[in-house]
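Dear colleague,

Please find the structure below, followed by a summary of what was found in it.

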Amino acid sequence: MVISNSLAIHGGPPVNPLGPPSWPPRDDDVQRAMAQLAQDGSWGRYHGPHVTELERRLADLHQVPHALTCSSGTIAVELALRGLKIGTGDEVILAGYDFSGNFRCIEAVGAVPVLVDIDPTNWCLDAQTIAEAVSPLTRAIVVSHLHGGSADMRTLSAVAAERGIRVVEDACQVPGAVVQGRPAGTWGDIGVLSFGGSKLLTAGRGGALVTRQEDLFQRIKIYCERGNDAFPLSEMQAAILVPQTARLAERNAIRETRVRQLLDETAHLEALSPVVLPAAGDRASYYKVAWRYDGTRSGDWSRAEFLAAMQAEGVAMDVGFRGFLRRSSRRCRQASTLEHAQNAVDQTILLHHPVLLEAAESISQITEALKKVLTFAAANPFAG
Ligand SMILES: Cc1ncc(COP(=O)(O)O)c(C=O)c1O
């Protein structure tokens, strides 16, 4: 059966007729920062107080002595690897399902990605796979907290430390999260943040590194210095990020409340297996909310058909990453079965975060849309 996006086929008007809300929000304090930049001309300077202030705030937020801003989360991962002196011939462990740029960053420094599986409940690198992936060439692990889930950093750090392996902790999707009692990004030797256009802290572009290690911090600074900063964040970007850092905890708490509501309201929907909620005492940070979609439990609709129907309802849902399972063995080594990574590639559906700052009724509208589409699918099964 070919599914059209016409409203009639889903029975009635879309549940959320306003469509996805815009991002970023029109915050007064961000607008004031922009007006101030225009007034005092600091937007046109190479160096000024805003980058310094942002780096101080990021260091405070992560309870570390050093934060360094840069031009993107992607370049931050590469700088982290360079700072750790990872290079030609080294191996770096990476989940088979992750942001594609992380694979490229490992290649960019001349190293070889070694792929391991993920934990299907949190979409993150499974710490239990590391031991079997390690070879004499293994020098580092790049581990990302994805889709509202968080990696088991306590186990991962212990295994890495035992073997003298360094850890780059990618917190691009989870600024302000608390993972196993520590700020996300501070379990590893170095943590990475993104300020890309859709991110929870945004300047359109931008990134940062956080670390406790003075020598690592200095090496990266020196690497960036080419007579001027080679990968800088501008004063303008920093000025609009500063007020956002002050709102982050409050907004993360609202998003977490909304996600709890959504997962509670949708718990009975058998076609959907959601990301696990944070453990007691921890805090999640939701850039995306993930589920695995099992079409066999809803009329055998494909993921694409299901997502098209949800989008027609006005809900900002999409697929996840494409993963690295098809990368040639000349470019990487596969160190474990990648069964869960493959499932994540095939089955992940993601809700984009802006709606999580809306009122509780918007969350119930999403629940209604999910129920409506799944009920319709069950009543109109795919005929083959
Ligand atoms: C897990 C992860 N790492 C790194 C990045 C890269 O960040 P940027 O877009 O700032 O380069 C992203 C971007 O979505 C991401 O999701």
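Q213 counts as partly exposed, at 23% relative accessibility; buried means under 20% relative accessible area, exposed over 50%, and partly exposed in between, with a 1.4 Å probe and protein chains only. The model is a predicted one, in which local features need pLDDT of at least 70, side-chain atom pairs count only at pLDDT 80 or more, and totals for chains, interfaces and linings use all residues. Residues are numbered from 1 along each chain as its sequence is written, and side-chain values use heavy atoms, with hydrogens and water left out.

Q213 sits in the loop between β11 (207-211) and α7 (214-224). Helices (H or I, at least four residues) and strands (E, at least two) are DSSP runs, numbered from the N terminus. Apart from neighbours within four places in sequence, Q213 is in contact with H66, R166 and D189, where contact means heavy atoms within 4.5 Å. Q213 and T266 are 53 residues apart in sequence, and their C-alpha atoms are 44 Å apart in space.

**S22**

S22 belongs to the segment before α1 (28-40). With a relative accessible area of 44%, S22 is partly exposed. A separation of 7.0 Å lies between the C-alpha atoms of S22 and P354, although 332 residues separate the two along the chain.

**The chain as a whole**

The protein chain has 11 helices and 16 strands. Its radius of gyration is 21 Å, close to the 21 Å that the globule rule gives for 384 residues, so the chain is as compact as a globular protein of that length. This radius is taken over C-alpha atoms, and the globule rule is 2.2 Å times the number of residues to the power 0.38. Along the principal axes, the C-alpha atoms fill a box of roughly 65 × 55 × 35 Å.

Of the 384 residues, 55% are buried. Among contacts with a separation of 6 or more, 74% are between residues 24 or more positions apart. The chain carries 37 positive and 42 negative side chains; Lys and Arg count as positive and Asp and Glu as negative, while His and the chain ends are not counted.

**Confidence**

The mean pLDDT of the chain is 94, and 95% of its residues reach 70 or more; pLDDT is the predictor's confidence in each residue, from 0 to 100. Over residues 1-9, pLDDT stays under 50, and the model has 20 contacts beyond four places in sequence for these residues.

Yours sincerely

Technical notes: The place of a charge is taken as NZ of Lys, CZ of Arg, CG of Asp or CD of Glu.
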